[in-house]
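Dear colleague,

Please find the structure below, handed over for your use.

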Amino acid sequence: MTAMIDLKNVSYRYPVSDDSVLKNISFSIEKGKFTAIIGNNGSGKTTLCNTIRGFVPHFYKGELDGEVIIDQTKITDYQLGQLGEKVGYVFQNPFIQVSGVKDNVFEEVAYGLENLGIPVEEIKVRVEEVLKLVKIEYLRDKNPFELSGGQRQRVALASIIVMDPEILVIDEPTSQLDPIGTQQIFEIIRLMKERGKTIVLVEHKMDLIAEYADDLLVMHKGELVMQGPVREVFADPEFEKYQIQYPHVTEIALQLQQSGIPLTFLPIRDEELADALNRTEVAAHD
Amino acid sequence: MTELHLTNVSFSYPDGTKALENLTLSVTSGERVAIVGQNGAGKTTAVKLMNGLLKPTEGSVLVGDWDTKNHTTAQVSRKVGYVFQNPDDQIFHNDVESEVRFGPKNMGFEPERVNELTDWAMKLCGISEFAEENPYNLPYSVRKFVTIASVLAMDSDIIILDEPTAGQDKIGLQVLGNLLQVLEEKQKSVITITHDMEFVTDYFTRIIVMANRQLVADDNAQKVFYNTEVLEKSMLKPPAVAQMAKLLDFSPGILSKQQLIEAILAQHSL
């Protein structure tokens with residue numbers, strides 16, 4: 001497999017700051033993988049996203065050491081606009097992503113494509129498709145500024161998906177959404193993965209990460225402290241010391257283990273708990 | 001001590017869009033209530049009516065003995081503090097401490113009390129170390145705590161938190177939990193809108209469920225999360241523990257992690 005995102009010994013310091021926000025970070029993400037960046041607030045997750053999409057250092061300036069390679073090309077060799085087509089970025093705060101120059105949702109979603117000079121007929125088709133996909137057709141004529149937080153979050157995601165970038169960097173896309181809306185967003189992300197997109201997601205909802213993501217990057221105080229397949233990272237005793245939320249079922253399983261109930265494996269999804277417990281019962285009867 | 005009474009409250013926007021229909025509920029002083037429901041269910045509209053940001057088109061909202069219709073939002077907000085869903089709608093100072101200090105100072109409190117409340121609120125929200133920072137240099141989740149502190153510092157009897165759990169990590173959720181405890185000890189009423197059902201079951205007993213601009217249930221957590229009709233009507237997802245308990249065929253009622261662990265341990269010791 002080819003690496004889509006490759007970071008080698010990356011450190012970064014914002015201008016006028018004394019401390020590095022990112023410290024010597026190296027990892028490689030293969031094309032088509034769904035990787036979740038987790039870590040407590042202030043650990044450097046959003047800065048890491050900004051590095052992948054070239055805003056560090058193109059836009060924020062500051063000092064970047066090491067190499068960031070996106071699809072075989074060093075980030076310093078891209079124009080910011082070229083990167084924008086390759087890497088779609090969905091803002092953490094949907095309240096600031098809305099362009100402010102369009103007065104309805106349909107045009108807001110079309111805005112990016114217009115800027116790329118795509119023919120009008122094609123824009124219409126693509127916007128229609130995405131509005132449907134993200135379930136916001138009913139909002140098409142609404143002013144983006146009159147939407148609720150959850151609705152804006154969907155519009156923000158739609159505006160990026162419509163551009164069809166190879167890489168999607170999504171920063172906490174569900175923070176304002178109810179549980180069912182959240183599930184729907186994860187389903188959309190899964191669909192993007194099926195279309196071969198490379199996905200980087202920042203998220204705190206571990207139950208959903210356990211269900212949908214392939215790999216984890218664990219950030220702690222600017223360092224990448226753990227990385228690997230989701231299941232392996234949650235099962236590693238080291239994970240506990242970073243005080244990050246476990247999937248709820250994993251938290252319960254760990255407490256059960258401490259209370260002396262042996263489990264054959266550490267469940268990370270709700271439906272696995274029964275399995276883990278049943279197997280122990282079978283073993284006990286043998 | 002201020003009680004809150006909403007009686008048959010409806011609200012429509014000037015263009016006729018209905019946002020809330022016939023809501024009746026009371027919150028006694030010192031009570032802690034969670035409001036849950038889908039986006040667009042009318043939760044934020046309901047709480048904006050409670051602090052006078054919106055005035056009912058029908059029915060009445062009583063804050064203590066004040067009808068919000070007869071008082072300005074500025075007056076009502078001395079009794080009912082509202083923390084906005086989006087922190088950026090609220091913050092307007094260049095450093096955290098000035099932001100927090102603004103409320104109590106504006107209330108006309110004695111300078112000493114202003115200092116005390118400012119320090120207390122910043123500490124309770126875990127932002128004392130950022131006192132000198134520009135709020136906009138802080139992560140979204142920390143900015144949310146700046147806005148919570150700003151409202152707490154006004155020392156109102158009733159406090160409304162609109163989605164304080166959004167984007168919070170484990171540590172942020174612990175700070176919130178602790179804050180609820182402290183406010184309860186101070187006999188403050190706290191009304192919290194949230195989508196985090198685990199947070200709800202960890203810290204709240206009374207739950208108000210809204211759907212399609214109406215109240216669907218106003219009951220304790222056990223009754224709400226094990227009531228299929230309420231769950232379907234409001235499209236709520238019960239907390240993970242309830243789902244696990246169901247998958248393990250335990251009888252209804254389990255909501256907390258501790259309850260589930262005990263049930264599993266009991267089964268194993270048989």
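This is a predicted model: local features need pLDDT of at least 70, side-chain atom pairs count only at pLDDT 80 or more; totals for chains, interfaces and linings use all residues.

Residues are numbered from 1 along each chain as its sequence is written, chains are lettered from A and ligands numbered from 1 in the order in which they are written, and side-chain values use heavy atoms, with hydrogens and water left out.

Domain 1 of chain A covers 3-245 and domain 2 covers 246-286, with bounds that come from an automatic or database domain assignment. Their C-alpha centres lie 33 Å apart. The contact (heavy atoms within 4.5 Å) takes 13 residues from domain 1 and 10 residues from domain 2.

One salt bridge is counted between the two domains, the term meaning a side-chain nitrogen of Lys or Arg within 4 Å of a carboxyl oxygen of Asp or Glu. The side chains of Arg231(A) and Glu272(A) meet in a salt bridge at 2.7 Å, N to O.

**Contact between chain A and chain B**

Chain A and chain B bury about 3200 Å² between them, 61% of it on carbon and sulfur atoms. Each chain contributes to the contact: 36 residues come from chain A and 36 residues from chain B. The rule finds one salt bridge across this interface. Glu251(A) and Lys257(B) meet through their side chains in a salt bridge, with an N to O distance of 3.5 Å.

On the side of chain A that touches chain B, at least two residues each are supplied by helices H7 (149-161), H8 (179-194), H11 (248-258) and H12 (272-285) of chain A. Helices here are DSSP runs (H or I, at least four residues), numbered from the N terminus. H11(A) gives the most to that side, with six residues.

With kind regards

How values were computed: Buried area is the accessible area (1.4 Å probe) that two parts lose on being put together, summed over both.
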